[in-house]
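Work through the exercises below with the model open. Try each task before reading its solution.

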Amino acid sequence: MNILITNDDGIYSPGIAALAEVAKQFGTVRIVAPDVEQSSMGHAITHSRPLSYKKSPLTFENVEAFRVNGTPADCVALGIHLSATTDVVLSGINMGPNLGNSMWHSGTLAAAKQAVLLGIKGIALSTPVDKTEPDFEKLAPHVKEVLELLLQQEGAGLYNVNFPKSPQ
């Protein structure tokens, strides 16, 4: 399975690294993510300046990673263009929930929606934050369980997964 991972918190977010670590258990992972935070960008796309991407200097073990000077939706379109064999897009793990009205302007959810618009399954994953960073190590088995369930689903569905603050 070929997995494209992006987010709206930017390539330097610990959530994207945590998601990549779990996703590697399901297939080949490629990261294409914004070079800076793009939270609340909704489904914006870049049209008035050149879009560019560069190989990331970050080391993700056995994962090719690129940073893009665009929005989450741009990252998905570019990532799918770079790898036409993409089977699923994972967006996250977002630093903050995507529930209620926030779903309308969420860049995390917009990336998953962009995947569906391009005929590919899109899964957005989020977790609440407070003054401390989420415990991604504790969250990992729950992410794995969710992916085991959703990756089995046929077709280009859109899924919005919000983990609790302190999973058991």
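**Exercise 1. A helix crossing**

In which hand, left-handed or right-handed, does H1 pass H5?

The model is predicted: local features need pLDDT of at least 70, side-chain atom pairs count only at pLDDT 80 or more, and totals for chains, interfaces and linings use all residues. Residues are numbered from 1 along each chain as its sequence is written, and side-chain values use heavy atoms, with hydrogens and water left out.

Step 1. Helices (H or I, at least four residues) and strands (E, at least two) are DSSP runs, numbered from the N terminus.

Step 2. H1 passes H5 in a right-handed crossing. A crossing is right-handed if the near helix is turned clockwise from the far one by less than a right angle, and left-handed if anticlockwise.

Step 3. Get the geometry. The axes of H1 (residues 14-23) and H5 (residues 136-150) come within 9 Å and cross at roughly 50°. That makes H1 oblique to H5. Axes are lines fitted to C-alpha atoms, for helices over the stretch in contact, and angles run from 0 to 180 degrees between N-to-C directions. Angles under 35 degrees count as roughly parallel, over 145 as roughly antiparallel, 65 to 115 as roughly perpendicular and the rest as oblique.

Step 4. List the contact (heavy atoms within 4.5 Å). H1 supplies Pro14, Gly15, Ala18, Leu19, Val22 and Ala23. H5 supplies Phe136, Ala140, Val143, Lys144 and Leu147.

Step 5. Sort the contact of H1 with H5 by class: 9 nonpolar, 1 polar and 1 charged residues. Here Ala, Val, Leu, Ile, Met, Phe, Trp, Tyr, Cys and Pro count as nonpolar, Asp, Glu, Lys and Arg as charged, and the others, Gly among them, as polar.

**Exercise 2. An enclosed helix**

Find how many residues of H2 are buried, and what covers them.

Step 1. Count. In H2 (residues 72-82), 8 of the 11 residues are buried, so the helix is largely enclosed by the rest of the structure. Buried means under 20% relative accessible area, exposed over 50%, partly exposed in between (1.4 Å probe, protein chains only).

Step 2. Name them: Pro72, Ala73, Asp74, Cys75, Val76, Leu78, Gly79 and Ile80.

Step 3. Look at the cover. It includes strands S1 (2-6), S2 (28-34), S3 (53-55), S4 (64-68) and S5 (88-95), and helix H4 (107-117).

Step 4. Take H4 in turn. H2 and H4 pack at an angle of about 30°, with their axes 8 Å apart. That makes H2 roughly parallel to H4. Their crossing is right-handed.

Step 5. Pro72, Ala73, Val76 and Ala77 of H2 meet Gly107, Ala111, Gln114 and Ala115 of H4. The contact of H2 with H4 divides into 6 nonpolar, 2 polar and no charged residues.

**Exercise 3. The sheet**

Give the strand order, then trace the pairings.

Step 1. The sheet is open, has 7 strands and mixed pairing, and runs S3-S4-S2-S1-S5-S6-S7. S3 and S7 (158-162) stand at the edges with a single partner strand each, so one side of each is left without a neighbour in the sheet. Neighbouring strands are turned by 20° against each other on average, direction ignored.

Step 2. Two strands pair if DSSP finds at least two bridges between them. S3 and S4 run antiparallel, joined by 3 bridges. Tyr53 stands opposite Val68 in S4.

Step 3. S2 and S4 run parallel, with 5 bridges. Pro34 also stands opposite Val68.

Step 4. S1 and S2 pair in the parallel sense over 4 bridges. Asn2 stands opposite Thr28. Of the 5 residues of S1, 4 are buried.

Step 5. S5 and S6 (residues 121-127) pair in the parallel sense over 6 bridges. Met95 has Thr127 of S6 as its bridge partner. H5 lies across S5, S6 and S7, at about 155° to S6.
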